[in-house]
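Reader: Please present the structure for discussion, with the conventions stated where they are needed.

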Amino acid sequence: MALTLPKLRQSNPMEVFAITKNIHMSAQKMREVVRQIQGLSAAHAEAVLAVVPRKGARFVAKTLKSAIANAEDLKAHKQEYNAMNTDRLRVKEAVAQTASTLRRFTPKARGSAGPTLKRNCHIKITLSDE
């Protein structure tokens with residue numbers, strides 16, 4: 001019985017990312033925006049986010065611009081990122097995760113209190129040049 005080894009990739013794709021933390025919006029609402037840009041090129045994703053009429057689209061666009069700027073900065077200043085093609089960046093991964101939740105209370109009838117959950121989220125966008 002012959003042993004087969006896994007094939008190694010010839011081209012090593014470069015990846016860069018940006019994270020925006022503690023955005024005052026629920027992760028569930030943010031995921032609806034983030035799903036729209038997965039797999040798109042970076043320029044096309046910026047154009048899509050510019051016309052999405054949701055509050056979360058502004059935060060995702062800001063994070064995407066930061067990831068693109070990170071890629072250009074790494075290419076200019078780090079030796080190992082010189083081979084990265086910043087013109088062909090694609091959104092490899094875009095996720096919205098839950099962050100800490102602030103618990104507040106609203107007065108209710110007969111002296112009781114009802115909880116109000118003020119949710120936060122984190123956005124992470126990973127760009128790749130493959």
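Reader: Where is the place of S26, and is S26 buried or exposed?
Author: The place of S26 is in the loop between strand 1 (15-23) and helix 1; helices (H or I, at least four residues) and strands (E, at least two) are DSSP runs, numbered from the N terminus. This is a predicted model, in which local features need pLDDT of at least 70 and side-chain atom pairs count only at pLDDT 80 or more, while totals for chains, interfaces and linings use all residues. Residues are numbered from 1 along each chain as its sequence is written, and side-chain values use heavy atoms, with hydrogens and water left out. Buried means under 20% relative accessible area, exposed over 50%, and partly exposed in between (1.4 Å probe, protein chains only), so S26, with a relative accessible area of 17%, is buried.

Reader: Which residues does S26 touch, not counting residues up to four places away in sequence?
Author: Contact means heavy atoms within 4.5 Å. Not counting residues up to four places away in sequence, S26 touches R119 and C121.

Reader: Which residues of helix 1 are buried, and what arc do they fall within?
Author: Helix 1 has the buried residues A27, M30, V33 and V34. The arc is that of the directions from the helix axis to the C-beta atoms. Seen down the axis of helix 1, these buried residues line one face of the helix, because they fall within an arc of 110 degrees.

Reader: Which elements do the buried residues of helix 1 pack against?
Author: Both helices and strands are among the partners. The buried residues of helix 1 pack against strand 1, helix 2, helix 3, strand 2 and strand 5 (121-128).

Reader: How are helix 1 and helix 3 oriented to each other?
Author: Two packed helices are described by the angle between their axes and the distance between the axes. Axes are lines fitted to C-alpha atoms, for helices over the stretch in contact, and angles run from 0 to 180 degrees between N-to-C directions. Helix 1 (residues 27-34) and helix 3 (residues 55-77) pack with their axes 9 Å apart, at an angle of about 65 degrees. Angles of 65 to 115 degrees count as roughly perpendicular, under 35 as roughly parallel, over 145 as roughly antiparallel and the rest as oblique, and helix 1 and helix 3 are therefore roughly perpendicular.

Reader: Which residues meet between helix 1 and helix 3, and how many are nonpolar, polar and charged?
Author: From helix 1, M30, V33 and V34 meet G56, A57, F59 and V60 in helix 3. Ala, Val, Leu, Ile, Met, Phe, Trp, Tyr, Cys and Pro count as nonpolar, Asp, Glu, Lys and Arg as charged, and the others, Gly among them, as polar. The residues of this contact of helix 1 with helix 3 divide into six nonpolar, one polar and no charged.

Reader: Which residues of helix 2 are buried, and where do they lie around the axis?
Author: In helix 2 (residues 42-51), the buried residues are A42, A45 and L49. They cover an arc of only 55 degrees around the axis, which puts them on the same side of helix 2.

Reader: Which exposed residues does helix 2 carry on the face turned away from its buried side?
Author: The buried residues of helix 2 pack against helix 1, helix 3 and strand 2 (90-98). On the face turned away from that buried side, helix 2 carries the exposed residues A43, A50 and V51.

Reader: How is helix 2 oriented to helix 3?
Author: The axes of helix 2 and helix 3 cross at roughly 160 degrees and come within 10 Å. That makes helix 2 roughly antiparallel to helix 3.

Reader: Which residues make the contact of helix 2 with helix 3, and how many are nonpolar, polar and charged?
Author: A42, A45, E46 and L49 of helix 2 make the contact with A57, V60, A61, L64, K65 and I68 of helix 3. The residues of the contact of helix 2 with helix 3 divide into eight nonpolar, no polar and two charged.

Reader: What is the relative accessible area of R110?
Author: R110 is found in the loop between strand 3 (102-107) and strand 4 (113-118). Although R110 is not a glycine, its phi is positive, about 60 degrees. R110 is exposed, and its relative accessible area is 88%.
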